[in-house]
Amino acid sequence: MRLAALFIIAAVVALTLQSGALHWLTFGALVPDLILILAVDLGLKHPSAGAAILAFAMGLATDALSGSRVGLNAFMITLVFLLCYELSRHLWVSGYSVASLAVFFGVVIKDVGILAVTGSFDRLEGADPELIRIILTHAVLTALLALLIFPVLDSGKRMLRLPRRAERE
Amino acid sequence: MRDTFLWRNRVVLVSGVLLLLGAHMLSIGVRDGSLASKPEALATELVRPLLELDTHLADGASGIYHDYLDLVGISRENRRLKAKLERMKGEETRIAELELENRRLAEMLELKDVIGLNAVGAEVIGSDATGIARTILIGRGANGGLKSGMAVISNEGVVGKLVAISPNAAKVLRIDDHNAAVDAFDERSRARGIVAGVVDNGMVMKYVERTEDVQIGDPVVTSGLDGIFPRGLLIGRVSRIKRGGPGLFLNVEIAPAVNFGRLEQVMVITEPPPRFEEAGKS
């Protein structure tokens, strides 16, 4: 319950920033994907069915403020959560740098997935360097910001006396 | 209980079910007012007050920052007078800002008269949450009489169309989004095509035949054939033409008429435009 409360508040703040203030710091039109950072944290550190539902709900909330296809972000965020959960089952993830790397690959998977589902690749002739640059910039930007956000999330968890790391199953 | 297959794999199973649910929502599409659209509307309504606050704070913060820069270095003796001067300057800026806003609104009213259709104004309160898609949020929704599919314009030209509505906010799919498409024609040469957004940036006009006399700088306007946008609204201008390469059609790039980064007010056309044939008769 406390975990849900923390992540619901974090998601509302993240979406407000993504739709508003973070557009001041844009690189092109891109804004860092704060919701994906929260989903990676859930996947790596909170292996539970509730965390999966939280990730899906955060994706659905992103759909309300982005794009025209409801369910697309919900699908991709849940997929990234699941991949991070699998990663945490096979790899002992400690420290923020590995989690930040997971965020980098999470953004790449999500962006490529979104562009594939919306059929954007069909309109391109081969690999478009500009598109690759956009995806990589988005991923680097989000991964760098994740290095700042993970400690803040951990402080929130400490305050609420939540576990900061996954218990091995 | 804890040793069962279901319990051990509960996270994967729940995630799998949620992935199927997401895929199902994607494949069927979600209509306004349906049960599946409720969480989306709830999320929009939850974030809307914060975005409106954010918009007002941004204006305030910008003023404070500029006031601070102007005040640095002023000596103690003339601080009071300088501060007064700054206040006057601030007032002047505010009046100039109001004048600009007035002009924009007057232009939009004029546009509304020219179009001859019912329309309502709305304030832009937020941008796309990911940046990969190109949408904006406006501070008027179903309670203000808006419905999905309505055309959104500004005094500069076509902005996009409504794709999701909550009681007090709405999401607009911009015309430069890679999922958007508008039936259009080159106003000078009358060459027809479909204007669509591209992921990288800007827009392209597709299906323009190679024999057409399209030139850089030509205005591209809506044709009115899609039943969403009235005929003759400015979309943008031709910025580049690639004539080389294989294929039946020209590669025409369009620079949008609207500066989406500075968009503050828009107008939503609440009445469907007359069909092109009817418009032609009148």
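This is a predicted model: local features need pLDDT of at least 70, side-chain atom pairs count only at pLDDT 80 or more; totals for chains, interfaces and linings use all residues.
I started with strand E6 (residues 181–186) of chain B, which runs antiparallel to strand E7 (residues 192–197) of chain B and is joined to E7(B) by five bridges. Strands here are DSSP runs of E, at least two residues, and helices are runs of H or I, at least four, numbered from the N terminus. Two strands count as paired if DSSP finds at least two bridges between them.

Residues are numbered from 1 along each chain as its sequence is written, with chains lettered from A and ligands numbered from 1 in the order in which they are written.

Which residue of E7(B) is the bridge partner of Ala181(B)? I found Ala196(B).

Next I followed the order of the closed barrel in chain B: six strands, E6-E7-E8-E11-E10-E9, with antiparallel pairing. From one strand to the next the twist averages 40 degrees (axes are lines fitted to C-alpha atoms, and angles run from 0 to 180 degrees between N-to-C directions).

For chain B as a whole I noted five helices and 12 strands. Of its 282 residues, 34% are buried, meaning 20 or more other C-beta atoms within 10 Å of the residue's own, with C-beta atoms placed from the backbone.

Then over to chain A. Helix H3(A) is mostly covered, with 14 of its 17 residues buried. After H3(A) comes Gly67(A), and I read a positive phi there, near 70 degrees.

Notes: A residue is buried if 20 or more other C-beta atoms lie within 10 Å of its own, exposed if 12 or fewer, and partly exposed in between; C-beta atoms are placed from the backbone.
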